[in-house]
Amino acid sequence: MKKLLVIFLTLCSFMADAGFDSKESVYANLLTSQNLQNVKLGAKSLHHDLPDNIQLWDLAAYTIWSMNHDGDKEDKEFDDTISWLAKAIGESKNGRYQQLLSQQLKLAQSNKIKRYFKGAIKALNNTEVPQFVAAEYIAQVAPSNPKHIRATADSFERVRTGDSLELVLSLLGQPDGVGQYIRSYSRPFIGRQTFQNLRLSYINFGSMELRYEETHWIVDLKSKQTDADISAVSAEYRDLLSRLVSNDVTQIRAAAREAIKLPLTDQASLDHIAQYIWDNQGTQDGHFADSLAWLCKVLSNSKNGRYKAVLDTLAQKPIHKKITRYAAKTAKSLTSKPPFFTPAIKTQTADTTEGAKL
């Protein structure tokens, strides 16, 4: 898996210079993600959108090769992800990938993968063309100079529900983070449905969730990040932190699980999280209180005793019982260690509302 990570990081270093337009760059970022669920969403996007840029299809083909040679085949998402990549390439009808798919088919370990690879190979047209060669792929990435657009508070505010991905990118430029947003709904007579939507994050502004509708991605929800400037935080953690200190309770909980799994130990990021809990401690909204409880678990999971005092203090306050209970519980797992975190006192509390449809 470490070797696959090196390969993906190498690919990512080319992404800024590759011949992709704004929307294609979003898809490329999904395909080069370390998270296979994001890669799968990228494959689904290619399958639905069928972009014309051959470099994007080459990237998908290279991702198949990389996964098969250096990926973790025990990962529960492996079979489904590589099958979606094959299905997408089959949908492209481009015979350029016949040799690659045939070679990778021989490495397939499950019947599901074999079925999708065989279906993709059968769907290809005109295989009498120069074939894609994975080992030569990186050298073939062509440089370009896409127009640079920088997001502003005003341009972020202009994004509305129903806006297309293309419009969002024209207003805000390339996002700082791209990934999958899992949203579940309970529908009458249908039951609970789970959707794998697209997430774009813009540091110091917020993020948005887009759903695929018929032929294109459209904005479904938009959340705002806390007013605190997080640009000084290490670039490695900014996207995650931006989601942890947003006003979307579903997003906070999902990001908290991600932070716990890492685990997140970056002190600058944890300071922002501790401040965010402190600023919003007065909420009476049960869903938001639950999200703050998750953030208490993020602090505790870091094993950093710097946050024990602030958690102990929150546990003694007359605030929502979900916050006090988890503050007390998580504080017990920490051993005090100076310098202690001291929250800044603000004259106004931050917005504690749930991310809502615009």
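**Close-up views of a predicted chain**

**View 1. The whole chain and its surface.** The chain exposes about 17,400 Å², an area from the Shrake-Rupley method with a 1.4 Å probe, where for residues only the protein chains shown count as cover. Carbon and sulfur atoms supply 50% of that area. This is a predicted model: local features need pLDDT of at least 70, side-chain atom pairs count only at pLDDT 80 or more, and totals for chains, interfaces and linings use all residues. Residues are numbered from 1 along each chain as its sequence is written, and side-chain values use heavy atoms, without hydrogens and water.

**View 2. The largest nonpolar core.** This core has 55 residues. A nonpolar core is a set of buried Ala, Val, Leu, Ile, Met, Phe, Trp, Tyr and Cys residues joined through side-chain atoms within 4.5 Å. Buried means under 20% relative accessible area, exposed over 50%, partly exposed in between (1.4 Å probe, protein chains only). Leu172 and Met208 are among the residues with the most contacts inside this core.

**View 3. Around methionine 208.** Beyond its neighbours within four places in sequence, methionine 208 is in contact (heavy atoms within 4.5 Å) with residues including Phe156, Leu198 and Arg199.

**View 4. Arginine 199 and aspartate 239.** These two form a salt bridge, their closest N and O atoms 3.3 Å apart. The term means a side-chain nitrogen of Lys or Arg within 4 Å of a carboxyl oxygen of Asp or Glu. Arginine 199 is buried, at 6% relative accessible area. Aspartate 239 is buried too, at 16%.

**View 5. Glutamate 213 and arginine 211.** Here the closest N and O atoms of the salt bridge are 2.8 Å apart. Glutamate 213 is partly exposed, at 33%. Arginine 211 is also partly exposed, at 27%.
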